[in-house]
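Visitor: I have a model open and would like to go through it. Start wherever you like.

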Amino acid sequence: MSDRDTLPPGPGKGSLSIEEASALWRSYQEGGATPCPRDAGALALSIDAGNAYRFVCTRCGTSTIWFEVTATGVQYRTMPPPVMGPDDDDD
Ligand SMILES: [Zn+2]
């Protein structure tokens, strides 16, 4: 897959890979810029109830897959969204 340098065909609404998400997360944690890989737009960080994260471009709508952050790094979200929080009150 080497479509990295080609322009997106449509509105550019697609999912970025876990590798891209990982790189963006690392940059985010370091306080660096996290521009959209597609059009360098601003990325907004979404957090869902299951402590999964996702970057969404505010300009073109491109988003990363939902991912979790573990001690070893970024990985795909493995757990489904919890119905009731386990014993982890983040309130
Ligand atoms: Zn974008």
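**Contacts, fold and core**

Guide: Start with contacts, meaning residue pairs whose C-beta atoms, placed from the backbone, lie within 7 Å. Among contacts in the protein chain between residues at least 6 apart in sequence, 42% join residues at least 24 apart.

Visitor: What kind of model is it, and which cut-offs apply?

Guide: This is a predicted model, where local features need pLDDT of at least 70, side-chain atom pairs count only at pLDDT 80 or more, and totals for chains, interfaces and linings use all residues. Residues are numbered from 1 along each chain as its sequence is written.

Visitor: What does the pLDDT average out to for the protein chain?

Guide: The average is 81, and 71% of the residues score at least 70. pLDDT is the predictor's confidence in each residue, from 0 to 100. Over residues 7-12 the pLDDT is below 50, and this stretch has nine contacts in the model beyond near neighbours in sequence.

Visitor: Which elements have the lowest and highest confidence?

Guide: β1 is lowest, at a mean of 88, and β3 is highest, at 95.

Visitor: How many helices and strands are there?

Guide: The protein chain has one helix and six strands. From the N terminus on, the order is β-α-β-β-β-β-β. Helices (H or I, at least four residues) and strands (E, at least two) are DSSP runs, numbered from the N terminus.

Visitor: Now the helix. How far does α1 reach?

Guide: Helix α1 covers residues 18-29, twelve residues, and reaches 16 Å from its first C-alpha to its last, close to the 16 Å expected at 1.5 Å a residue. The expected span is 1.5 Å times one less than the number of residues.

Visitor: Which residues of α1 are buried?

Guide: Ala 21, Leu 24 and Trp 25. They lie on the same side of α1, because they cover an arc of only 100 degrees around the axis. The arc is that of the directions from the helix axis to the C-beta atoms. Buried means 20 or more other C-beta atoms within 10 Å of the residue's own; 12 or fewer is exposed, and in between is partly exposed, with C-beta atoms placed from the backbone.

Visitor: What covers the buried residues of α1?

Guide: The cover includes β1 (15-16), β2 (43-47), β3 (53-57), β4 (63-64), β5 (67-70) and β6 (73-76). Leaving aside neighbours within four places in sequence, Ala 21 is in contact with Leu 16, Phe 55, Thr 64, Ile 65, Phe 67 and Val 74.

Visitor: Which residues make up the largest nonpolar core?

Guide: There are ten: Leu 16, Ala 21, Leu 24, Trp 25, Cys 36, Leu 43, Tyr 53, Phe 55, Cys 57 and Phe 67. α1 and β3 each supply at least two residues of this core. A nonpolar core is a set of buried Ala, Val, Leu, Ile, Met, Phe, Trp, Tyr and Cys residues joined through C-beta atoms within 7 Å. Of the 91 residues of the protein chain, 14% count as buried.

Visitor: In which sense do β2 and β3 pair?

Guide: Antiparallel, over five bridges. Two strands pair if DSSP finds at least two bridges between them. Leu 45 stands opposite Phe 55 in β3, and Ser 46 has Arg 54 in β3 as its bridge partner. β2 and β3 form a hairpin with five residues between them, and Asn 51 in the turn has a positive phi of about 65 degrees.

Visitor: And β5 with β6, over how many bridges?

Guide: Four, again in the antiparallel sense. That hairpin has two residues between the strands. Glu 68 has Gln 75 in β6 as its bridge partner.

Visitor: Back to phi. What is the value at Ala 40?

Guide: It is near 65 degrees, a positive value in a residue other than glycine. Ala 40 lies in the loop between α1 and β2. Gly 31, which follows α1, also has a positive phi, near 80 degrees.

Visitor: Is Ala 40 buried or exposed?

Guide: Ala 40 counts as exposed, because it has 12 C-beta neighbours inside 10 Å.

Visitor: Last one: where is Gly 73?

Guide: Gly 73 is in strand β6. The C-alpha atoms of Gly 73 and Arg 26 are separated by 8.9 Å, with the two residues 47 apart along the chain.

Conventions. Two residues are in contact if their C-beta atoms, placed from the backbone, lie within 7 Å.
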